[in-house]
Amino acid sequence: MLCRSAPYGSSRVRDALDLAMALGAFEQAVSLLLMDDAVLMLLPDQDPSPAVSKSLLKVSGALETFGVSAVLADADALAKRGLAATDLPEDVTVLGTAELAETFARHRLVLSV
Amino acid sequence: MTLHILNASPFADPALTQCARVLADGDALLLVGDGTYAALEDGAFAHLMQGIVGLIEVCALAEDCQARGITARLCAGVRMVGYREWVELAVRHEKSISWFGA
């Protein structure tokens, strides 16, 4: 699954997380790839008002439990936003451009959300 | 062998730039909706688009180009297609990736 939208500005990231977990729960091999503003969902210290949303970082922490194989993030998007690998959850894999291309080639289906 | 479908204007969203990073031999790029503006021959993305045209097959949905009045302003090598050819492109490639405005 490919997500490129910022976390709280629309429901797209939340929808992507829900769908990834649903697919994982049904034992589909699924990875979540974050590009552009979607990498901002990996920032620590997210504290949205409960009325607005759950912390999407906390939701993303449950992905592995639901069988999502990998969370992948574009190194270029992280660098442009001043995020370092040390800012990210440990289980996130950072990909350069060549690895991005290889990732798209390796997956049978790509769903943009 | 991927069909990349771009429907975001490159002037509003980095979808084209991101898509261009992962294009591979045998892929095709189909411009639809505001994505057709990516092929404007005198536009800021013409250079990038010419590079892509030299690498893979690039098509634009004729109906969307006509609607925007840009049919005669597109980069050389961009092929006009209809919905039937869109289906053929989808069948001919292993998978499709949609690039829309984030």
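**Legends to views of chain A**

View 1. Residues are numbered from 1 along each chain as its sequence is written, and chains are lettered from A, with ligands numbered from 1, in the order in which they are written. Because the model is predicted, local features need pLDDT of at least 70 and side-chain atom pairs count only at pLDDT 80 or more, whereas totals for chains, interfaces and linings use all residues.

**View 2. Extent and contacts of the whole chain.** The C-alpha trace of chain A spans about 40 × 35 × 25 Å along its principal axes. Of the contacts in chain A between residues at least 6 apart in sequence, 65% join residues at least 24 apart, two residues being in contact if their C-beta atoms, placed from the backbone, lie within 7 Å.

View 3. A:Leu17 lies in helix H1 (residues 12-25) of chain A and is buried, with 25 other C-beta atoms within 10 Å; a residue is buried if 20 or more other C-beta atoms, placed from the backbone, lie within 10 Å of its own. Leaving aside neighbours within four places in sequence, A:Leu17 is in contact with A:Leu56, A:Val59 and A:Ser60. The C-alpha atoms of A:Leu17 and A:Val68 are separated by 9.7 Å, although these residues are 51 residues apart along the chain.

How values were computed:
Helices (H or I, at least four residues) and strands (E, at least two) are DSSP runs, numbered from the N terminus. A residue is buried if 20 or more other C-beta atoms lie within 10 Å of its own, exposed if 12 or fewer, and partly exposed in between; C-beta atoms are placed from the backbone.
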